[in-house]
Amino acid sequence: AGDEFRRGVAEKLYPGCTTLATYQELFDKDDIDLVVNASYSEMHYPITKDLLNHKFNVMVEKPFGRNRYECEDLIKTAKENGVKVFVFQQTFFADFYTNAVKIIESGVLGEIKQVDLRYNGLARRWDWQTLQKRLAGSVYNTGPHPLGLALGFLDFDKNAKVVFSRLDKALTSGDAEDYAKIIITAPNKPVIDVEISAIDAFSADLLKIQGTKGTLTSTAGSYKCKYVVDGENPERPVQENFLKDENGEPIYCGENLITHEISGEMNGSSAFTTAVAEAYKDVYYNLTENKPVRITPEMATEIIAIIDKVHTDNPMPLIF
């Protein structure tokens, strides 16, 4: 709002729209249904709280806040003022995630044992998203997407915890991390392996799911799945001694399993198109018909709690 050039661009793109120099100028208006807070990350909490205290419904960009306290304080502030707070976590509506959930629920993969999420590439940044003082770095910036999905695959289990994490710097010009490895799990739930790396020039697929009957691997735009079906591969009793062929020679324990494969194409840009529409549709129906949103601020709070834990366990030297 404070950028005069950007206000001019908005006025040209949307003829007739009103632009403001500061968000505080909204306080004199009484005909606004929703304010979207897409400010710098470290400003999400104070600006959202100010707006809520002035009786505005707010959709805040990720990250929801710095830690659990900030998130829960915003939820509390919204309730005290009789308004709503929403968090823009649209990736839950992206095709690659919703398709994976459907395949898991179909049972073809059996019991899920491990999920790998890779938000990787070979790239360098030197903007504000590399600075700790701006609440930036790979985990606060990109992390809400894969870490949110990680908790989704764990059904947002209250006992989910980080069992390993490491943050580091590689190509970035700033003082925040551009490499992160985070492993999360919960009792009787899969191991979720999350990687966010700026130094992976040969990145694997975005998503891989291993179950007791097979594997799903997926990019944003396509997927393939290979699995076995109960009863099609006769049981092999355990042989305690070495295996022999018909001549009594030792042989390696191996077989050609009967397998099935499925594959398909998806909208590779859905996280930026249809998923965005779904997120705003949730907000619309919540405000107009009081229908529940699918991604609640309480769920977004659990995502931030994971991020805060990772940063607490891996403090980065403050330079800027």
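Biologist: Which residue does glutamate 302 form a salt bridge with?

Modeller: Arginine 68. In this predicted model, the closest N and O atoms of the two are 3.0 Å apart. The pair links distant parts of the chain, with glutamate 302 in helix 8 and arginine 68 in helix 3, 234 residues apart.

Biologist: Is arginine 68 exposed or partly exposed?

Modeller: Arginine 68 counts as partly exposed, because its relative accessibility is 32%.

Biologist: And what meets lysine 158 in a salt bridge?

Modeller: Glutamate 302 again, at 3.8 Å, N to O. Lysine 158 sits in the loop between helix 6 (144-153) and strand 5 (161-168), 144 residues from glutamate 302. Lysine 158 is exposed, with a relative accessible area of 69%.

Biologist: Back to helix 3. What caps its N-terminal end?

Modeller: Asparagine 67 does, with a side-chain oxygen 3.3 Å from the backbone nitrogen of tyrosine 69.

Biologist: How far apart are the end C-alpha atoms of helix 3?

Modeller: They are 18 Å apart, which agrees with the span that 13 residues should have at 1.5 Å a residue.

Biologist: What do its buried residues pack against?

Modeller: Helix 2 (44-53), strand 3 (85-88) and helix 8 (297-313). Among the buried residues of helix 3 are Cys71, Leu74 and Ile75.

Biologist: Which residues is it in contact with, leaving aside neighbours within four places in sequence?

Modeller: Serine 270 is in contact with Ala94, Asp95, Ala275 and Val276.

Notes
Residues are numbered from 1 along each chain as its sequence is written. This is a predicted model: local features need pLDDT of at least 70, side-chain atom pairs count only at pLDDT 80 or more; totals for chains, interfaces and linings use all residues. Side-chain values use heavy atoms; hydrogens and water are left out. Helices (H or I, at least four residues) and strands (E, at least two) are DSSP runs, numbered from the N terminus. The expected span of a helix is 1.5 Å times one less than its number of residues. Buried means under 20% relative accessible area, exposed over 50%, partly exposed in between (1.4 Å probe, protein chains only). Contact means heavy atoms within 4.5 Å. A polar contact is a pair of N or O atoms within 3.5 Å; within protein, one must be able to donate a hydrogen and the other to accept it, and residues adjacent in sequence count only if both atoms are side-chain atoms. A salt bridge is a side-chain nitrogen of Lys or Arg within 4 Å of a carboxyl oxygen of Asp or Glu.
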